[in-house]
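Good morning, and thank you for the time on today's agenda. I would like to take the group through one structure.

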Amino acid sequence: MGIFSDIHTYLIISFLLMAFLLYKYAYRQALSGLDKKVDSVRESIKFVEEKKKAAEEEIVRLKREIAEANELLAKSISEAEAEAKKILQESGEIINEIVAKNEKECKNSIEKIKGSMSLELQNKIVELVIESITSRIGRDHLDKELQNTSIENATKMLEELAERYAKTKQEN
């Protein structure tokens with residue numbers, strides 16, 4: 001039994017032969033395939049890192065834009081509130097003016113009504129006085145003249161009639 005009779009020897013020889021053949025033909029291809037895969041993974045990692053960096057920069061930019069938009073919004077709200085207060089104040093002033101004007105017009109209307117009532121009463125008194133005087137003097141044509149004159153003229157004429165009446169009473 002020699003060296004070749006043992007199964008272990010055949011096993012070792014076949015293992016060494018197989019290792020040599022694999023190294024010669026398959027190892028380099030496997031290594032180049034692994035190298036390609038490693039390069040591909042490195043490129044992917046580099047690409048992901050670049051995208052991550054770009055995404056972080058985009059997040060920073062968007063946060064800055066949001067902050068600027070919030071500042072602009074706060075400023076716009078502040079300006080709108082100021083404008084609303086100004087409009088409210090102006091409208092309050094306008095309403096006060098309108099109320100004051102309407103109040104003045106109402107007072108004027110009331111005064112006109114009071115004045116017209118006074119004028120009506122004055123006209124009635126003048127008519128009664130004229131009737132009384134004309135009936136005492138007996139001048140019908142004087143009554144027609146007085147009807148066509150204004151209150152001021154009627155008052156002057158009343159004074160004149162009163163003087164005439166006083167004269168005629170003295171004469172009688």
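I shall begin with the overall architecture, then turn to the side-chain contacts, and finish with the surface.

What we have on the screen is a predicted model. The protein has 3 helices and 0 strands, and its elements, read from the N terminus, run α-α-α. Helix α1 covers residues 7–137, and the protein has 172 residues. How much of the protein is buried? Buried residues account for 6% of the 172 residues. The accessible surface amounts to about 15,400 Å², and carbon and sulfur atoms contribute 60% of that area.

Let me now turn to the aromatic side chains. A search of the whole structure returns 1 aromatic pair. The partners are Y23 and Y27, whose rings are stacked, with 5.5 Å from centre to centre and 25° between the planes. The pair counts as stacked because the angle of 25° falls under the limit of 30 degrees. As for solvent, Y23 is partly exposed, with a relative accessible area of 48%. Y27 is partly exposed as well, at 43%.

The next topic is charge pairing. How many salt bridges does the structure hold? There are 3 salt bridges in the structure.

I shall take D39 and R42 to start. Their salt bridge has its closest N and O atoms 3.9 Å apart; the pair still qualifies because the cut-off is 4 Å. Both residues belong to helix α1, where they are 3 residues apart, about one turn of the helix. D39 is partly exposed, at 40% relative accessibility, whereas R42 is exposed, with a relative accessible area of 56%.

E58 is partly exposed, at 34% relative accessible area, and R61 is partly exposed, at 30%.

R61 also meets E65 in a salt bridge, here with an N to O distance of 2.1 Å. R61 and E65 are 4 residues apart in helix α1, again with about one helical turn between them. E65 is partly exposed, with 38% relative accessibility.

What makes up the nonpolar patch? The residues are L17, M18, F20, L21, L22 and Y25, and together they present about 640 Å² of accessible area. One of them, L21, lies in helix α1 and is partly exposed, at 37% relative accessibility.

The other patch is one of negative charge. E83, E90, E93 and E97 gather there on the surface. Among them, E97 has its place in helix α1, and at 55% relative accessibility E97 counts as exposed.

To draw this together, we have a predicted model with 3 helices and 0 strands. Its aromatic pair is formed by Y23 and Y27.

Thank you. I am happy to take questions from the group.

Conventions
Residues are numbered from 1 along each chain as its sequence is written. This is a predicted model: local features need pLDDT of at least 70, side-chain atom pairs count only at pLDDT 80 or more; totals for chains, interfaces and linings use all residues. Side-chain values use heavy atoms; hydrogens and water are left out. Rings of Phe, Tyr and Trp (its six-membered ring) pair if their centres lie within 6.5 Å; planes under 30 degrees apart count as stacked, over 60 as edge-to-face and the rest as tilted. Helices (H or I, at least four residues) and strands (E, at least two) are DSSP runs, numbered from the N terminus. Buried means under 20% relative accessible area, exposed over 50%, partly exposed in between (1.4 Å probe, protein chains only). A salt bridge is a side-chain nitrogen of Lys or Arg within 4 Å of a carboxyl oxygen of Asp or Glu. Patches are made of residues with over 30% relative accessible area and no salt bridge: like charges are joined within 9 Å, nonpolar side chains (Val, Leu, Ile, Met, Phe, Trp, Tyr) within 5 Å. Accessible areas come from the Shrake-Rupley method with a 1.4 Å probe; for residues, only the protein chains shown count as cover. Lys and Arg count as positive and Asp and Glu as negative; His and the chain ends are not counted. The place of a charge is taken as NZ of Lys, CZ of Arg, CG of Asp or CD of Glu.
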